[in-house]
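This briefing goes with the sequence and structure shown below. The points are grouped by topic and can be checked against the coordinates.

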Amino acid sequence: MNTLKLVVVSAGLSQPSSTRLLADRLAEATRQSLGDAGRPVDVRVVELRDLATDVANNMVTGFPSAALREALEAITEADGVIAVTPIFTASYSGLFKSFFDVIDNTALTGKPVLIAATGGTARHSLALEHAVRPLFGYLRAIVVPTAVYAASEDWGTAGDDRTDGLASRITRAAEELAGLMGGRAATTEPAETVVPFEQQLAALRSA
Ligand SMILES: Cc1cc2nc3c(=O)[nH]c(=O)nc-3n(C[C@H](O)[C@H](O)[C@H](O)COP(=O)(O)O)c2cc1C
């Protein structure tokens, strides 16, 4: 069985970054879920912080740098994508949006995508539903039902360990993504030969 490709896009700006931390936890949970199903996965992380000037230059020149082209190609070839943004001014960050503005608008068509975000306040969690999900809907990606939002209060044991806490939301979203990635790969593998029903019937009659 061929190794699946998972690309993780993190738009965090701080170092260390809570956005990257969330992205890593989602990637690990997805790897584990696929591993449990006997599907090995190759994980590649794209840190948009390192590509910020390349993205801006692409917007004004129309051409990607070698590093940006490589990141865009990795996404185009991926079996699944995890896209995580910090919430800035009640929406995705400008860098996150600009990156998905320069990607070919067919690159994500039919591709399973898990969306997630970090924010200072839990009150902005619906930015995932009113901003991030429509962005990927426009790009015709298949966005998993569970979007994961981590506010400052979700980190640490109190928020993380509850049954509806961050850890369980990460597991649920990762299992949804792993299911779609496994299913998508299965459909690209050679199909079993199906003998038409009339032929099966004819074989029975002549037996
Ligand atoms: C310019 C700016 C605007 C922000 N606006 C919001 C906001 O509207 N809502 C919110 O919940 N957090 C907001 N935040 C907080 C960040 O979303 C939060 O700190 C995020 O987790 C930072 O991610 P990072 O650690 O990966 O850089 C803002 C932060 C900055 C720098």
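Which helix and strands each supply at least two residues of the shell around the ligand? They are helix H1 (18–36), strand S3 (80–88) and strand S5 (112–119). The model is predicted, and every value below is computed from it or taken as a count over it.

**Overall layout**

- The chain has 207 residues, and 35% of them are buried.
- Its secondary structure comes to 8 helices and 7 strands.
- Along the principal axes, the C-alpha atoms fill a box of roughly 75 × 50 × 30 Å.
- Counting contacts between residues at least 6 apart in sequence, 76% join residues at least 24 apart.

**Shell around the ligand**

- The shell holds 16 residues, of which Gly 12, Ser 14, Ser 17, Thr 19 and Gly 119 come nearest to the ligand.
- S3 gives the most to this shell, with 3 residues.
- By residue class, the shell divides into 5 nonpolar and 11 polar residues, with no charged ones.

**Strand pairing**

- S1 and strand S2 (residues 41–47) pair in the parallel sense over 7 bridges.
- Between these two strands the chain passes through H1, and this β-α-β crossover from S1 to S2 is right-handed.
- Within this part of the model, Leu 6 stands opposite Val 43 in S2.
- S3 and S5 run parallel and are joined by 6 bridges, and Ala 83 stands opposite Ile 115 in S5.
- S5 is also joined to strand S7 (residues 148–151) by 4 bridges, again in the parallel sense.
- The bridge partner of Thr 118 in S7 is Ala 150.
- S5 and S6 run parallel too, with 2 bridges between them, and Pro 112 stands opposite Ile 142 in S6.

- S5 is mostly covered, with 8 of its 8 residues buried.
- Pro 112, Leu 114, Ala 116 and Thr 118 point one way from S5, while Val 113, Ile 115, Ala 117 and Gly 119 point the other way.
- The largest nonpolar core has 53 residues, and those touching the most other members are Val 9, Leu 26, Ile 82, Val 84, Leu 114 and Ala 116.
- Helix H7 (residues 166–188) gives the most to this core, with 7 residues.
- Leaving aside neighbours within four places in sequence, Leu 114 is in contact with Leu 26, Ile 82, Val 144, Ala 173 and Leu 177.

**Backbone points to check**

- Most residues other than glycine have a negative phi, and most peptide bonds are trans.
- The peptide bond that joins Gln 15 and Pro 16 is cis, with omega about 0°.
- Pro 16 lies in the loop between strand S1 (4–10) and H1.
- Ala 90 is not a glycine, yet it has a positive phi of about 65°.
- The position of Ala 90 is in the loop between S3 and strand S4 (91–92).
- Ala 90 counts as partly exposed because it has 13 C-beta neighbours inside 10 Å.
- Arg 140 also has a positive phi, near 60°, in a residue other than glycine.
- Arg 140 is placed in the loop between helix H5 (127–138) and strand S6 (142–143).
- With 13 C-beta neighbours inside 10 Å, Arg 140 therefore counts as partly exposed.

**An exposed phenylalanine**

- Phe 63 is found in the loop between helix H2 (52–61) and helix H3 (66–77).
- Why does Phe 63 count as exposed? The reason is that Phe 63 has 10 C-beta neighbours inside 10 Å, and a residue is exposed if 12 or fewer lie within that distance.
- Phe 63 and Val 102 are 39 residues apart in sequence, and their C-alpha atoms are 9.2 Å apart in space.

Key: Residues are numbered from 1 along each chain as its sequence is written. This is a predicted model: local features need pLDDT of at least 70, side-chain atom pairs count only at pLDDT 80 or more; totals for chains, interfaces and linings use all residues. A residue is near a molecule or strand if its C-beta atom, placed from the backbone, lies within 6 Å of it. Ala, Val, Leu, Ile, Met, Phe, Trp, Tyr, Cys and Pro count as nonpolar, Asp, Glu, Lys and Arg as charged, and the others, Gly among them, as polar. A residue is buried if 20 or more other C-beta atoms lie within 10 Å of its own, exposed if 12 or fewer, and partly exposed in between; C-beta atoms are placed from the backbone. Two residues are in contact if their C-beta atoms, placed from the backbone, lie within 7 Å. A nonpolar core is a set of buried Ala, Val, Leu, Ile, Met, Phe, Trp, Tyr and Cys residues joined through C-beta atoms within 7 Å. Two strands pair if DSSP finds at least two bridges between them. A crossover is right-handed if, with the strands pointing away from the viewer, the path from the first strand over the helix to the second runs clockwise.
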